[in-house]
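Dear colleague,

I am passing on the structure below, and my notes follow it. Please read them with the structure open beside you.

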Amino acid sequence: MASSSSHLYREEGVSRAVPDLVLDNAIRQSRSTTAATVLSLGHLAHRTGAPYSFLREVAERRIDPYEDFYVKKRSGGTRHISAPTPLLMEIQRWILHSCLRDLRFHPHSYAYQSGRSIVQCANEHVGARWLLKFDLHDFFGSVSEKRVFKIFKSQGYSNLVAFELSRICTRASYLDPNPVPARRRYSVIGAYASNRVGILPQGGPTSGALANAAATRMDKRLQLLALDHNLVFTRYSDDLTFSSSREFDRLAAATIVNEVCRAIRECHFVLHYKKTRVIAPGARLVVLGLTVDRDHVGLLPDFKRRVRLHIRGVSKFGLGAHAASRNFDSVLSFVNHIDGCISFAMGVDRLWAEKAVGEWTAALSLSKYPIS
């Protein structure tokens, strides 16, 4: 049943003996939003092609279809990634593109959005003299299934469907310190009772969009704060940056830091206090790993040096030997790493990147690595 006319849709539904209540709910939902209509967990199974039994097990928290691994961060340390198994990955991708396509984020939020980039975010701070940098602790983990439920509700879904979608897009985590008795909270479907709170997994296709939506209230608060102090504000995932090109001092910076901390706390996110930085004129201004000068965004000298060292290492010692000496899992992963670095550089400093491409191609040729 795919007619855009409510009358024809109802007529076709009646011919298929679909109950009036189901047809009424479908039409009501389709007219209240342009997001995909989902009437029940069974309907979601039909639309995604996923087994209903699998969706039900996920919603009931009877299985944990995620794989954990860690990736190195450029700043040091590791980042915990919870990747959905292939089936859940496909379901979440469908939800992202079909159920969350109407989400609107704050204009000063740059991550997890098509057509927006780190370079665009950093470019907002070109010409600044002062930077105030903040980092949110456990950004995804701060967004509980209750907040995700409210986001799906805002897209026009019924209470039950919004709840089930929120379960499918979150991963069971910590014990609820103040659980509502299951008899009161799950009077209809007792199997959904759980004393574990779901949170957004870093690695899920829907997590970026849902985290951005949950952070919209905070973004609005911080943008108003920035306007009050004649500052420029941006957020890229968990990285918050404020900048000023006007006269400023550390006393004013301390006042703003306190106001930002309070706003973040009141919006139910957590500030990573040890990563708060106030950068004064004369110091190198860096936003999201890019230098911000008076008139342009550039690559960090350390980034250029690391790429060149890798290229020279391959030229001198060979591809396999150099990749092994730098503890890469395989030659392919090392080549992909350098290709990714150069591809990123293309969007920042094309002249430098084009020169690096020539050197990298020559180095690969020496090792007789096939070049596309």
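A disulfide is taken here as a pair of cysteine sulfur atoms within 2.5 Å, and by that definition the structure holds zero disulfides. This is a predicted model, in which local features need pLDDT of at least 70 and side-chain atom pairs count only at pLDDT 80 or more, while totals for chains, interfaces and linings use all residues. Residues are numbered from 1 along each chain as its sequence is written, and side-chain values use heavy atoms, with hydrogens and water left out.

Turning to the rings, a search of the whole structure finds 12 aromatic pairs, where rings of Phe, Tyr and Trp (its six-membered ring) pair if their centres lie within 6.5 Å, and planes under 30 degrees apart count as stacked, over 60 as edge-to-face and the rest as tilted. F233 and F242 form a tilted pair, 5.1 Å centre to centre with 35° between the planes, and both residues are buried. Elsewhere, ring pairs join Y112, F139, F140 and F269 into a cluster.

F269 also has the charged end of R147 over its ring, 4.5 Å from the centre, and R116 lies over the face of Y110 at 4.0 Å from the ring centre; such a placement requires NZ of Lys or CZ of Arg within 6 Å of the ring centre and within 35 degrees of the ring normal.

With regards

Technical notes: Buried < 20%, exposed > 50% of the residue type's maximum accessible area, 1.4 Å probe, protein only.
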